[in-house]
Amino acid sequence: KGNTLGGGVLSSQDARMQRLAVFEKNKGPNEEEEEGEDIGQEKDSHVAETHGAGDTEMVKDVEMKDSGAEMAGDKDMNENDEEVEMIDPTENLSKEDILTLTESMGFTLIRAQKALLNSTSGIEGAIEWLTAHQDDQDIDDPIPKVPKTSGVVAQSYKCNECGKILSNMANLELHANKTGHSDFEESTQAAKQLTEEEKQQKIAEIKSLLKAKRMEREALEKVEDIDREKKRREMGKNMAKTKEELERQTRMREAMQKKREKEEFRKERARIKAELERDRLERKAHHGKLSSKLGIEGYNPDAIQYDVSAEAGTHLDHHSDKKINASVAKIDEYISKISSYKAGGDGGMCLKILIAYIKNVVENPNEQKFRKINMENKAYKTKVKPFVGAKALLLAVGFHPNEGNDALVLEDDANMDILKETKDKLEAAYAAY
């Protein structure tokens, strides 16, 4: 037996004899002669102890204990001074057991060696250790070298309560859990080796256990894969529904926009027809002539009004020469009149050109080319001049005809604040148009 772990105490006589043996072993040649008398006294003390001389034994025991401790301390110091020899712990492992674990069982060499090192019962203990530690993170780390040791090595563990020999710590823990026993000690007695048939049976059981665990893990992974696939499909369906809803809302907005445009076009067409009918009745009543010029209160043409030359007639020339009384206070009214031209988008085009005229002056007040508007220009003649309120707006912000009456020129003292304010109003009207 080895050292006790929880039970089994040496008698006082056995302990004393062991101390004497250690003391004699550590003494030198000279010390034997000098201490001969003391040893004789110790032997006499031992005889006296057997006859009941307790006091003498106690005194000698203390003396020998102190001497032994002193010699053990000197021995430990000498051993610490020596270099510790490191050896490979796998050198003494059974080659046959390693081949069985690697070739028959399919374990790697490093795992087989670790299992045999941590087991004291051969293949059986190695397989049990691998089963318990196969998922350890350091299972495949290299095996470090260990210091060379001497003496008796424990081969197993013994339960002092029932006497059962246990091959390794895993079996010890299992036995303790099953029986509730707690008194164990190391033992030099090797556990019973399995026969070849028992070994093969044990291997088959371990393989079956590993297979069952693998199948259980695969079944769990399969369930998790199914759950993930369900979640992915559910997310896909939700995304498809969301996309479909967005597309439906977009189609509804586009349909409503087209519906509004059609309704506006229908109303504008009805208004033009009403104006044309009113104009026809007025011409019929006045023998083909209109009683007044066409304007905002009458028919608003939806196409370009071409200038009439002097050869074709002079009544429109007279109208063109009529002075327009423009006022800053009526700028909003002028913009409203221009915005009322809906058919064909003519009013919006006029607003856009007016914004360009005024914006150029606001952003580049010192550029002379932006301070003059050519009234003979095609854009002005076709997209600004035909609309009531357009020219009046330009006159209100500071433009005036030149001497040749072929261009509008911005006055030198034009109010830039009014120009900026008018630009903002025109942009807002164009955005609302």
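Reader: How do the axes of helix 5 and helix 7 cross?

Author: Two packed helices are described by the angle between their axes and the distance between the axes. In this predicted model, the axes of helix 5 (residues 95-104) and helix 7 (residues 122-133) cross at roughly 40 degrees and come within 10 Å. Axes are lines fitted to C-alpha atoms, for helices over the stretch in contact, with angles from 0 to 180 degrees between N-to-C directions. Helices (H or I, at least four residues) and strands (E, at least two) are DSSP runs, numbered from the N terminus. Helix 5 and helix 7 are therefore oblique to each other; angles under 35 degrees count as roughly parallel, over 145 as roughly antiparallel, 65 to 115 as roughly perpendicular and the rest as oblique.

Reader: Which residues make the contact of helix 5 with helix 7?

Author: Helix 5 contributes Asp97, Thr100 and Leu101, and helix 7 contributes Gly122, Ile123, Ala126 and Ile127, where contact means heavy atoms within 4.5 Å.

Reader: How is helix 12 placed against helix 15?

Author: The axes of helix 12 and helix 15 (residues 416-432) cross at roughly 150 degrees and come within 9 Å. That makes helix 12 roughly antiparallel to helix 15. Among the residues that meet are Leu351, Ile355 and Ile358 in helix 12, and Leu419, Leu426 and Tyr430 in helix 15.

Reader: Which two rings form the aromatic pair, and how are they arranged?

Author: A pair of aromatic rings is described by the distance of the centres and the angle of the planes. The structure holds one aromatic pair. The ring centres of Tyr341 and Phe387 lie 4.8 Å apart and the planes are at 80 degrees, so the pair is edge-to-face. Rings of Phe, Tyr and Trp (its six-membered ring) pair if their centres lie within 6.5 Å; planes under 30 degrees apart count as stacked, over 60 as edge-to-face and the rest as tilted.

Reader: Where in the chain do Tyr341 and Phe387 lie?

Author: Tyr341 is in the loop between helix 11 (331-339) and helix 12 (346-363), and Phe387 is in the loop between helix 13 (378-383) and helix 14 (390-396), 46 residues apart.

Reader: Is Tyr341 buried or exposed?

Author: Tyr341 counts as buried at 5% relative accessibility, and Phe387 is buried at 8%. Buried means under 20% relative accessible area, exposed over 50%, partly exposed in between (1.4 Å probe, protein chains only).

Author: On conventions, residues are numbered from 1 along each chain as its sequence is written, and side-chain values use heavy atoms, leaving out hydrogens and water. Local features need pLDDT of at least 70 and side-chain atom pairs count only at pLDDT 80 or more, whereas totals for chains, interfaces and linings use all residues.
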